[in-house]
Amino acid sequence: MSTFALISDPHVTVANPQTGWTAPTIPNEPTMYRESVALLEAAIDEINSMPDVDFVLCAGDLTKDSEPYNHDAARDLLSRFKKPVFCVSGNHDQPRPQKLRPREYLDPDVVPVRTDQIPQLYGDFGFKSTDLPAYSCDPTPDLHLVGLCSAKPDDDCGEISERVLAWLDDDLSRQRDPQRETIVMLHHSIIEHVPGETVNPTFSWFHVENSPALKELLKRHDVRITLTGHLHMQDVKQEGSLYNIATASLAGFPHAYRVITLRDGELDIRSRRLRSIPSYPDLQTHSRRYTTDSFVAIIGDALMAPPFNYTPERARTTSAKLHAWWPSIADGDERFDYTAEELGDPLLAAYVNSFSDSPPADNDLLIALREE
Ligand SMILES: [Fe+2]
Ligand SMILES: [Fe+2]
């Protein structure tokens, strides 16, 4: 039996210790960078108080934008967990291209850490070779853990290189113990979590571009469980025997993390939410409102573009009616029944309702790993 905690997307953000530079508020971005340290500290305190937890996983986006001092702070914070920590990097843990992150939001005095530098920085958190952005280990006798850095260079989407795929094929070939379950952790999703994720440019940056090659390999080696972050939402999707469990960001609503137990051939997944930090005693209420405000603006912009092409006034009033939509998706287990009448547009009602969650459950669920 093994129990582990899974956190994701802590986006650690501190002031530049040399210059004092801090990032300005980034418009329409719901990540609470300023509270990121307090939020990770709250998760560390909660998880450290759980005696059954054997180890901790962190599924990437360790920092705001891969500033070296934010990696220093992230490593310092991760080392405060009482149990071993294993992490991977995300798209925020490498240089961001200007089209994705305008210069005014980036610290002008530092060079961002690249993905190929992550293994040497995070040798205490899973990486064994400074030469490979991937690793494997057996954190407990009944688990084999694989960590993959999935960020595509100069982009926000994911990609697993041919070299890492070949390494993974070899690594999994050596796993012949039926008593040991393999879990693969990476940052980007490999099964669609939102409609059209792989083809819609609005969402394709959520995904590993060459996910078919990775999934073929995982299925060939009978891997069932993949753990990802990046989407900042609680969502579980299944494709045949393969599960992709996406976990929300600690630094954004709903501030969820998971405690997962492997016992008797079943994976018991439970989700918890941070409730309070010193600056926001009622964190959930504040954070839901903060996220809502960001997404009403984002949805308003989307409604003025094809295929909706609304006027600014119509986009503003309609997006306000959808204020609960994205926070509900992030929270998981969401059901939508917006009507054409209330939104004034049958096409839009059908589209937003298509995001209603399909099984399996997103927050608390039991996965049978082996058929008897
Ligand atoms: Fe993130
Ligand atoms: Fe990400």
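## Helices H4 and H5

Helix H4 (residues 162-173) and helix H5 (residues 211-220) have axes that come within 10 Å and cross at roughly 10 degrees. H4 is therefore roughly parallel to H5. Angles under 35 degrees count as roughly parallel, over 145 as roughly antiparallel, 65 to 115 as roughly perpendicular and the rest as oblique. The axes are lines fitted to C-alpha atoms, for helices over the stretch in contact, with angles from 0 to 180 degrees between N-to-C directions. Helices (H or I, at least four residues) and strands (E, at least two) are DSSP runs numbered from the N terminus.

On the H4 side the contact is made by Leu-165, Leu-168 and Asp-169, and on the H5 side by Ala-213, Leu-214 and Leu-217. Residues are in contact if their C-beta atoms, placed from the backbone, lie within 7 Å. By class, this contact has 5 nonpolar, no polar and 1 charged residues. Ala, Val, Leu, Ile, Met, Phe, Trp, Tyr, Cys and Pro count as nonpolar, Asp, Glu, Lys and Arg as charged, and the others, Gly among them, as polar.

## Model and numbering

This is a predicted model, in which local features need pLDDT of at least 70 and side-chain atom pairs count only at pLDDT 80 or more, while totals for chains, interfaces and linings use all residues. Residues are numbered from 1 along each chain as its sequence is written, and chains are lettered from A and ligands numbered from 1 in the order in which they are written.

## Helices H6 and H7

Helix H6 (residues 283-303) packs with helix H7 (residues 312-321) at an angle of about 135 degrees, the axes being 8 Å apart. H6 and H7 are therefore oblique to each other.

Val-296, Ile-299, Gly-300 and Leu-303 of H6 meet Ala-315, Arg-316, Thr-318, Ser-319 and Ala-320 of H7. The contact of H6 with H7 has, by class, 5 nonpolar, 3 polar and 1 charged residues.

## Overall fold and domains

The chain contains 10 helices and 12 strands. Its C-alpha atoms fill a box of roughly 60 × 55 × 40 Å along the principal axes. For 372 residues, a compact globule would have a radius of gyration near 21 Å, and the 20 Å of the chain agrees. That radius is taken over C-alpha atoms, and the globule rule is 2.2 Å times the number of residues to the power 0.38.

The domain assignment gives domain 1 (2-275 + 362-368) and domain 2 (285-353); such bounds come from an automatic or database domain assignment. The C-alpha centres of the two domains lie 28 Å apart. Their contact takes 15 residues from domain 1 and 14 residues from domain 2. The side of domain 1 that touches domain 2 has 6 nonpolar, 6 polar and 3 charged residues.

## Backbone features

The peptide bond from Phe-253 to Pro-254 is cis, with omega near 5 degrees. Pro-254 sits in the loop between strand E9 (242-246) and strand E10 (256-263). The bond from Pro-359 to Pro-360 is also cis, with omega near 5 degrees, and Pro-360 lies in the loop between helix H10 (346-353) and strand E12 (365-368).

Asp-9 is not a glycine, yet has a positive phi of about 50 degrees. Asp-9 is placed in the loop between strand E1 (2-7) and helix H1 (36-48).

Terms used
Two residues are in contact if their C-beta atoms, placed from the backbone, lie within 7 Å.
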